Each structure stands twice: as structure tokens, then as C-alpha cells.
Amino acid sequence: MTKKHVVVGLGEIGLPILKIISKKIQAIGYDTNPKLMDNKKYEKFSNLDTSILHICIPFSKKFLSQVTSLNKKFKPEIIVVHSTVSPYTTQKLQASLSIPIIYSATRGIHKRMISDVKKYTKFYALEKNAPKKKWASQTYSRLLKKCRINSKIMSEPITLELAKIVVDTSYYGWLINYAQLSNLIAKEHKVDYDEMWSFSDEIHNLLGNRPKMYPGFIGGHCVIPNLDLMHNQTLNLIKKINDSYLKKIPKAKSINKKYVKSKKTSYNSKV
Ligand SMILES: NC(=O)c1ccc[n+]([C@@H]2O[C@H](COP(=O)([O-])OP(=O)(O)OC[C@H]3O[C@@H](n4cnc5c(N)ncnc54)[C@H](O)[C@@H]3O)[C@@H](O)[C@H]2O)c1
């Protein structure tokens with residue numbers, strides 16, 4: 001009998017992931033908010049066994065117990081965690097559950113999440129002691145291939161858990177911090193920010209190592225909240241610098257509009 005996939009958490013990443021998967025295989029969505037669910041479809045397929053349970057809920061102190069109770073509810077063969085999680089979450093989940101747990105961080109931004117999920121290679125990783133590791137890895141990579149998404153396995157989940165925060169969202173925040181600092185210096189000396197940065201544009205074009213970011217305020221719900229998953233004092237400076245920048249430049253929240261409107265060169269105006 002056909003098995004179903006279940007996507008849990010029908011928010012900014014869960015709904016696009018459900019839409020992509022359900023074009024190719026039998027998949028249903030589940031959310032604590034019933035208004036987000038297709039209840040008719042959910043009931044229709046409730047008797048089918050669950051192949052993969054896709055976790056797309058926000059990380060919190062309750063995350064492990066939430067995934068454990070979702071595992072009991074749907075009894076899947078494999079769990080794939082698409083959420084951004086605190087380091088070692090996959091290890092803890094694997095230690096408490098007898099099915100293979102795959103960590104597969106998600107990249108993309110809300111307004112174009114479907115195309116971003118398809119565009120980026122979906123990295124994933126399993127613990128060394130995961131049961132049926134090879135089979136689970138093949139099953140997941142076959143699913144991604146079916147959905148026309150490239151996949152790449154990493155050696156262990158901790159590498160990917162750290163990558164999502166340290167070299168993706170926090171790195172982005174760190175670069176914007178530098179734009180904020182350089183804007184404060186430009187203002188102090190009454191020089192034009194863009195003119196000052198034009199000196200670096202050519203170096204960036206040649207070497208690719210001087211990206212100019214616009215000096216806005218870091219809002220959204222990834223860069224700053226993800227710092228709380230790390231508890232790293234140095235990375236926490238990103239939040240401190242961002243907060244103190246807003247006090248000094250109260251209009252910081254609308255600076256991006258100038259760049260988006262005028263199409264001035266900067267790298268965070270494109271994301
Ligand atoms: N939004 C993004 O651009 C983005 C990008 C990459 C990664 N992520 C990560 O993806 C995860 C989810 O983020 P999001 O932006 O989609 O969140 P969201 O708030 O948009 O959606 C989460 C959904 O999960 C539901 N939910 C929460 N707990 C549940 C439970 N126990 N059972 C069933 N449903 C539950 C909520 O009702 C909500 O509908 C987070 O870890 C986030 O960091 C988000």
C-alpha cells in the first residue's frame with residue numbers, strides 16, 4: 001500500500017515544502033492551527049502509514065518533546081528536521097528515538113521560498129549510529145531527486161547545524177554589522193557612505209572579498225533569533241551592535257528602502 005509523507009508546521013517553510021513534495025508524492029500537512037490544514041485530505045489519508053515525517057516547526061525548549069510526541073502520533077519510518085535547531089539537537093533526538101533522524105537545514109527567504117528551496121542544494125546529515133542509515137539516506141535523496149532538488153550529504157549533523165547558524169545567518173548579520181559601523185564612522189566625519197564604499201567596489205569585483213551591505217537595521221526572524229540557538233558570546237555582539245545602531249540611527253529600519261528603490265549596489269538589497 002502507498003505510504004504518505006507528513007509535513008508538520010505549515011508556516012513559512014512548511015507550506016512551501018508541502019507544496020513541492022505533494023506535486024510528486026502523497027503528502028499531507030499537519031499544524032496545531034487547524035485553519036492552516038486541508039482537513040478533508042488529512043482525514044482521507046489518515047489510515048495510510050507514514051514514510052517520512054517532515055519537521056518544520058520553530059525550535060524552542062519544547063522541541064525535543066514536541067518531535068517525540070509527533071513521532072508517536074504519526075509513527076513514521078524516518079524523521080527529517082528542516083527547522084533551524086540548536087547544535088546537537090539531532091544527536092539528542094537520535095539518542096531517544098529508534099528510527100533514523102535526518103537533519104536537513106533549509107535555506108531561502110519567505111517571499112520566494114518555493115523557488116529558493118528548489119534552487120539551493122538541500123544538505124542533510126545523519127548520526128553515525130542512526131539505524132538503517134544507508135537506506136534512510138537513499139530514501140531521502142531519492143525524494144529530493146524526484147522533486148528536482150539537488151542534495152548533498154554531510155559527514156555529521158553537528159556540521160550542518162553549525163553551518164546554518166555560523167556561516168549562513170550569523171555571517172550575514174556580521175557583514176551588516178560592519179556596514180552599520182562604517183556608516184557611523186561616515187556620519188561622524190560627514191562623508192557619503194556610498195561614495196566611501198565605491199573605493200571597495202572595484203576590489204570586490206576583482207577579488208570577491210569586499211561585499212558592501214546597506215547599513216540598515218537587522219530585523220526579520222532569522223539572523224537575530226538564531227543567535228539564541230548558539231549561546232556564543234562573540235556572536236551575540238551582532239545583536240548588541242544592531243540594537244545600539246538603532247539608538248544612534250533611529251531611521252535605520254527604513255534605510256533599505258533607499259537601496260531597493262535606487263537599486264544602489266549593495267549585497268543585502270538583493271536578499
Ligand atoms: N521563514 C524562513 O525564512 C526560514 C528560513 C530557513 C529556516 N527557517 C526555520 O524553519 C523553522 C520554521 O520556521 P517558519 O518561519 O516556517 O515558522 P512559522 O512560524 O512561519 O510556522 C511554524 C508553524 O508551525 C506550527 N507549529 C508549531 N508547533 C507545532 C507543533 N508542535 N505541531 C504542529 N504544528 C506546530 C505553527 O502553528 C506554525 O503554523 C524555524 O526553525 C526557522 O528558523 C525559516
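Biologist: Which residue stands opposite His 5 in β2?

Modeller: Ala 27 stands opposite His 5. This is a predicted model; local features need pLDDT of at least 70, side-chain atom pairs count only at pLDDT 80 or more, and totals for chains, interfaces and linings use all residues. Residues are numbered from 1 along each chain as its sequence is written.

Biologist: What makes β1 and β2 a pair?

Modeller: Two strands pair if DSSP finds at least two bridges between them. β1 and strand β2 (residues 27–30) have four bridges, in the parallel sense. So they pair. The chain crosses from β1 through helix α1 (residues 14–22) to β2.

Biologist: Why is that crossover called right-handed?

Modeller: The test is to point the strands away from the viewer; the crossover is right-handed if the path from the first strand over the helix to the second runs clockwise. This β-α-β crossover is right-handed, so by that definition its path runs clockwise.

Biologist: Which other strand pairs with β1?

Modeller: Strand β3 (residues 50–55) does, also over four bridges and in the parallel sense. Val 6 has Leu 53 as its bridge partner there. Strands here are DSSP runs of E, at least two residues long, and helices are runs of H or I, at least four long; both are numbered from the N terminus.

Biologist: What makes β1 mostly covered?

Modeller: A residue is buried if 20 or more other C-beta atoms lie within 10 Å of its own, exposed if 12 or fewer, and partly exposed in between; C-beta atoms are placed from the backbone. In strand β1 (residues 4–8), five of the five residues are buried. Lys 4, Val 6 and Val 8 point one way, His 5 and Val 7 the other.

Biologist: How do you know that β6 is largely enclosed?

Modeller: Four of the five residues of strand β6 (residues 122–126) are buried, so the rest of the structure largely encloses it. Strand β5 (residues 101–103) is joined to β6 by two bridges, running antiparallel. Tyr 103 has Ala 125 as its bridge partner in β6. Strand β7 (residues 151–153) is joined to β6 by three bridges, running parallel. There, Tyr 124 has Ile 153 as its partner. The chain passes from β6 through helix α6 (residues 133–146) to β7, in a right-handed β-α-β crossover.

Biologist: Why is Met 113 called buried?

Modeller: Met 113 has 20 C-beta neighbours inside 10 Å, so it counts as buried. Met 113 lies in helix α5 (residues 113–119).

Biologist: Why does Lys 41 count as partly exposed?

Modeller: Lys 41 has 15 C-beta neighbours inside 10 Å, so it falls in the partly exposed class. Helix α2 (residues 39–44) holds Lys 41.

Biologist: What makes the phi of Tyr 88 worth a note?

Modeller: Most residues other than glycine have a negative phi. Tyr 88 is not a glycine, yet its phi is positive, about 75°. Tyr 88 sits in the loop between β4 (78–81) and α4 (89–96). With 13 other C-beta atoms within 10 Å, Tyr 88 is partly exposed.

Biologist: What is the phi of Lys 132?

Modeller: Positive, about 45°, and Lys 132 is not a glycine either. The loop between β6 and α6 contains Lys 132. Lys 132 has 14 other C-beta atoms within 10 Å, so it is partly exposed.

Biologist: How do you know that the span of α8 agrees with expectation?

Modeller: The expected span is 1.5 Å times one less than the number of residues. For the 15 residues of helix α8 (residues 193–207) that gives 21 Å, and the end C-alpha atoms are 21 Å apart, so the two agree.

Biologist: Where does α8 bend?

Modeller: At Phe 199, by about 40°. The bend is the angle between axes fitted to the seven residues ending at a residue and the seven starting there. Just after α8, Gly 208 has a positive phi of about 70°.
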